[in-house]
Amino acid sequence: MTGQETAQGPKHKRDLTRRKVVAAGAGAVVAAGVGGAFAAGAFAGEATTAAKGKTAGTAGEACYKLTSETTEGPYYIDADKLRRDVTEDQEGIPLTLRLKVIDSDTCKPLANAAVDIWHCNALGVYSGYESMGSGGGGGGTPPSGTPTGPPTGAPPGGGGGGGVHEEPTDDERYLRGTWRTDRKGEVVFRTVFPGWYQGRCVHIHTKVHVNGTWTDAGYEGGTTCHTGQLFFDEASVLATAEVAPYSTNTTARTTLDEDTIYPGNGTEGGLLKLNYKKGAIAKGVVATLTMGVDPEATQDGTGDSVQPGASASASAG
């Protein structure tokens, strides 16, 4: 790894007007082109944020503040599965991710936006890139709060590679998915707490797409107005390191403060608010964040905006 995950678009850059998210089986609820709406609310047996009188953050905390743009990294895969539960068969601590997307200028919620998330599994492996190896391994002592050294080399488990887009090496798509924000700008995903690999702190990648069309086939067209990463505090990561299968990951871990991508500015930089029972993190974690985005912007996946009038393209990685 060269110190940061700079993302350069793939050779086959695609026009976002051709962007399509393919519906994933019977488990995905798709809005029909005739004005159908996604099923809002929570998963089975889970109270909705509205019912609890809570949202995934308040407008006051993030209003007028753009959530930091960061590189998308080399392992984004476009046209992925339209679903809220991205877990598949992956082992790990249950994680409910509640995001609220607002216009950073007006503070109004962005409804009907498409939100992507993707991240590695408990052992540092990204689906679609399993042949590139794992950041983990069997046995060993869980990592301490202090890494053995600064990040060097390319992460063996899927996250570095210099940041240049890598073509998928397999058809696996676990821990990846796209879902639609409701009228309150909220979207909820079910996944597992991410693990770690060499050179990076624990994180989740995300994108927000606007001005597209939801059809029977999924989500088409539009532009990417936000590319970012979501981060976890050190206390929570150290707690997960005591739980299998995270405890078998012997890869030296980079802390949040040492990470070269995290902008170090708290929630504005993507630092999630976590809720879990102290001493029993294995039972599950709820993570929330309000993301302030500029719906008029077009992000190119490198952390920079595309100038108005420039063609937008989607890079995978």
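What follows is a set of questions and answers on a predicted model.

User: In which loop does Glu 72 lie, and is Glu 72 buried or exposed?
Analyst: Glu 72 sits in the loop between helix H1 (59-62) and strand S3 (81-82). Its relative accessibility is 2%. The cut-off for buried is under 20%, so Glu 72 counts as buried.

User: With which residue does Glu 72 form a salt bridge?
Analyst: The closest N and O atoms of the pair are 2.6 Å apart, and the limit for a salt bridge is 4 Å. The salt bridge of Glu 72 is with Lys 207.

User: How many residues apart are Glu 72 and Lys 207?
Analyst: The salt bridge joins Glu 72 and Lys 207. This pair links distant parts of the chain, with Glu 72 in the loop between H1 and S3 and Lys 207 in strand S8.

User: Is Lys 207 buried or exposed?
Analyst: The relative accessibility of Lys 207 is 4%. Buried means under 20%, so Lys 207 is buried.

User: What is the C-alpha separation of Glu 72 and Thr 206?
Analyst: Along the chain, Glu 72 and Thr 206 are 134 residues apart. Their C-alpha atoms are separated by 7.8 Å.

User: Where is His 205, and is His 205 buried or exposed?
Analyst: His 205 belongs to strand S8 (residues 203-210). Its relative accessible area is 2%. With buried set at under 20%, the class of His 205 is therefore buried.

User: How far apart are the C-alpha atoms of His 205 and Gly 73?
Analyst: In sequence, His 205 and Gly 73 are 132 residues apart. The separation of their C-alpha atoms is 8.3 Å.

User: Which residue meets Asp 259 in a salt bridge?
Analyst: The N to O distance of this salt bridge is 2.7 Å. Asp 259 lies in the loop between helix H2 (234-240) and strand S12 (273-275), and its partner in the loop between strand S7 (186-192) and S8, so the pair ties together parts that are 59 residues apart in sequence. Both residues are buried. The partner of Asp 259 is Arg 200.

User: Which side chain is joined to that of Arg 200 by a polar contact of 3.4 Å?
Analyst: Arg 200 is buried, with a relative accessible area of 0%. Its side chain forms the salt bridge with Asp 259. The polar contact of 3.4 Å joins Arg 200 to the side chain of His 203.

User: Which residues form the negative surface patch?
Analyst: One member, Glu 172, lies in the loop between strand S5 (114-118) and strand S6 (176-180). Glu 172 is partly exposed, at 35% relative accessible area. The patch is formed by Asp 89, Glu 91, Glu 130, Asp 171 and Glu 172.

User: What is the phi of Leu 175?
Analyst: Most residues other than glycine have a negative phi. Leu 175, in the loop between S5 and S6, is buried at 0% relative accessible area. Although it is not a glycine, Leu 175 has a positive phi of about 60 degrees.

User: What is the omega of the cis peptide bond that joins Ala 244 and Pro 245?
Analyst: Most peptide bonds are trans. Pro 245 is in the loop between H2 and S12. The bond from Ala 244 to Pro 245 is cis, and its omega is about 5 degrees.

How values were computed:
Residues numbered from 1 in each chain as written. Predicted model: local features only at pLDDT ≥ 70, side-chain atom pairs only at ≥ 80, totals over all residues. Heavy atoms only, no water. Helix = DSSP H or I, 4+ residues; strand = E, 2+ residues; numbered from the N terminus. Buried < 20%, exposed > 50% of the residue type's maximum accessible area, 1.4 Å probe, protein only. Patch = residues over 30% accessible without salt bridge, like charges linked within 9 Å, V, L, I, M, F, W, Y side chains within 5 Å. Areas by Shrake-Rupley, 256 points an atom, 1.4 Å probe, with all protein chains shown as cover. Lys, Arg positive; Asp, Glu negative; His and termini not counted. Charge placed at Lys NZ, Arg CZ, Asp CG, Glu CD. Polar contact = N/O pair within 3.5 Å; in protein donor to acceptor, adjacent residues only side chain to side chain.
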